[in-house]
Amino acid sequence: MLVVSDDVQAALAERRPVVALESTIIAHGLPRPRNLRVALELEEAVRDEGAVPATIAVLDGRPHIGLGKEQVERIASEDGVRKLSQRDLPLAIAAGASGATTVSATALLAARAGLRVFATGGLGGVHRGWTVTQDESADLGLLARTRITVVCAGVKSVLDVAATLERLETLGVAVAGYGTDRFPGFYLRDSGHPVDWTLRTPHEVAGVMRAQDALAAPPSALVVANPVPQDEQLDPALHARVLDEALRECDAHGVSGQAVTPFLLDYLMRHTDGASLEANLAAIRGNVRLAARIATAWARG
Ligand code: PSU
Ligand code: MN
């Protein structure tokens, strides 16, 4: 069922570090043509750190773990690449469709392939207005059932961050700040909420992963929340102002379902002169590098 690339297969067989990367960010989270350059740059960053990148996507109905350059190009450039969350996978497979995978679909496929470390930008979560729309990303439920370590810059700031943190607690997903006791705010270093645990080295993160296994509790994820570097964060005042507008526009246009997240991210990008995009990319780059170091500490076992 899974098409695992040769270099990912070899790395897994030899217990060398591998980092899973999601593809929705490429297809639906970043503007073309920059998205292709970013996808390739992120893979290169993983290699720089001595690990093997495994970008995950569904192509013509087949889930791929590790993409070649032409396959990355398809995800970045082809029209009609869908956004696939976990529940969409069997539908896309049976239909022979192609799609980019969100955190939920990526984490599921990565875990199936035997990968343990995954890097992304920001997780999905509980949306503002949840009491009316019930809009909550499938990312949370899947992470509650999957043994994987996700390195992210927190959850997207367009969400209700406090509610998302509560939900992660209810679902039993472990959350730790990396080098911080504040939960990061995706474009910002600090979401305004604390975290209960702080991890300071890849070795410490690997120690928690081993403890998860030793405990043999029902499988759930470890979220390593890694803040964007201080000098690369978005101006907090600008962020607050534009985010307010974005949420109002989203409402006014009646945007709903899968379209909400891409709409908000795009609005922020266009109304911050691209500054939100730069902060987003800085966060992802940092996460990818840290994930590679964690995968290395994990592989050393
Ligand atoms: N963070 C970004 N860009 C993105 C996403 C997150 O900076 O495109 C994607 C991730 O793939 C995440 C998804 O899993 O948004 C969540 O979408 P939704 O809220 O529809 O579940
Ligand atoms: Mn949603």
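Which side chain meets Glu 49 in a salt bridge? I looked this up first in the predicted model. The partner is Arg 289, at 2.8 Å from N to O. Glu 49 counts as partly exposed, at 24% relative accessibility.

I looked up accessibility for both. Arg 289 is partly exposed at 28%, and Asp 48 is exposed, with a relative accessible area of 53%.

**Entry: a pair within one helix**

I took Arg 241 and Glu 245 next. Their closest N and O atoms are 3.9 Å apart, and the pair is a salt bridge; the cut-off is 4 Å. Both residues are in helix α11 (residues 236-252), 4 residues apart, which puts about one helical turn between them. Arg 241 is partly exposed with a relative accessible area of 49%, and Glu 245 is partly exposed with 24%. I also looked for bridges that share partners: Asp 48, Glu 49, Arg 289 and Arg 293 are joined by them into one network. The count of salt bridges comes to 20.

**Entry: domains**

I read the domain assignment, which gives domain 1 (1-115) and domain 2 (122-301). Their centres, taken over C-alpha atoms, are 19 Å apart. For contacts I recorded 31 residues of domain 1 against 25 residues of domain 2.

**Entry: largest pocket**

Where does the largest pocket lie relative to domain 1 and domain 2? Both domains give residues to its lining, so the pocket lies between them. I noted a volume of about 590 Å³. The lining has 32 residues, and those nearest the centre are Lys 83, Thr 102, Ser 137, Lys 156 and Thr 261. Elements giving two or more residues are α2, α6 (103-112), α8 (138-143) and α12 (260-271). By class I recorded 16 polar, 8 nonpolar and 8 charged residues.

**Entry: second largest pocket**

I moved on to the second largest pocket, which holds about 500 Å³ of space. It is lined by 19 residues, and Val 173, Val 175, Val 195, Asp 196 and Trp 197 are the closest to its centre. The elements that give two or more residues are α9 (161-171), β9 (174-178), β11 (188-194) and β12 (198-199). Helix α9 gives the largest share, 5 residues. The lining divides into 13 nonpolar, 3 polar and 3 charged residues.

**Entry: cavity**

I searched for cavities of 30 Å³ or more and found 1. The volume of the largest cavity is about 90 Å³. Its lining includes Leu 21, Glu 22, Ile 25, Glu 43, Thr 120, Ile 284 and Val 288. Two or more lining residues come from each of α2 (24-29), α3 (34-48) and α13 (275-300). The largest share, 3 residues, is from α3. I recorded 8 nonpolar, 2 polar and 2 charged residues in this lining.

Definitions and conventions:
Residues numbered from 1 in each chain as written. Chains lettered and ligands numbered in written order. Predicted model: local features only at pLDDT ≥ 70, side-chain atom pairs only at ≥ 80, totals over all residues. Heavy atoms only, no water. 1 Å grid on protein atoms, 1.4 Å probe; cavity = no way out; pocket = protein on both sides within 12 Å on 5 of 7 lines; lining within 4 Å. Points joined across faces, edges and corners; volume = space filled by probe spheres on them. Nonpolar A, V, L, I, M, F, W, Y, C, P; charged D, E, K, R; others polar. Buried < 20%, exposed > 50% of the residue type's maximum accessible area, 1.4 Å probe, protein only. Domains from an automatic or database assignment. Contact = heavy atoms within 4.5 Å.
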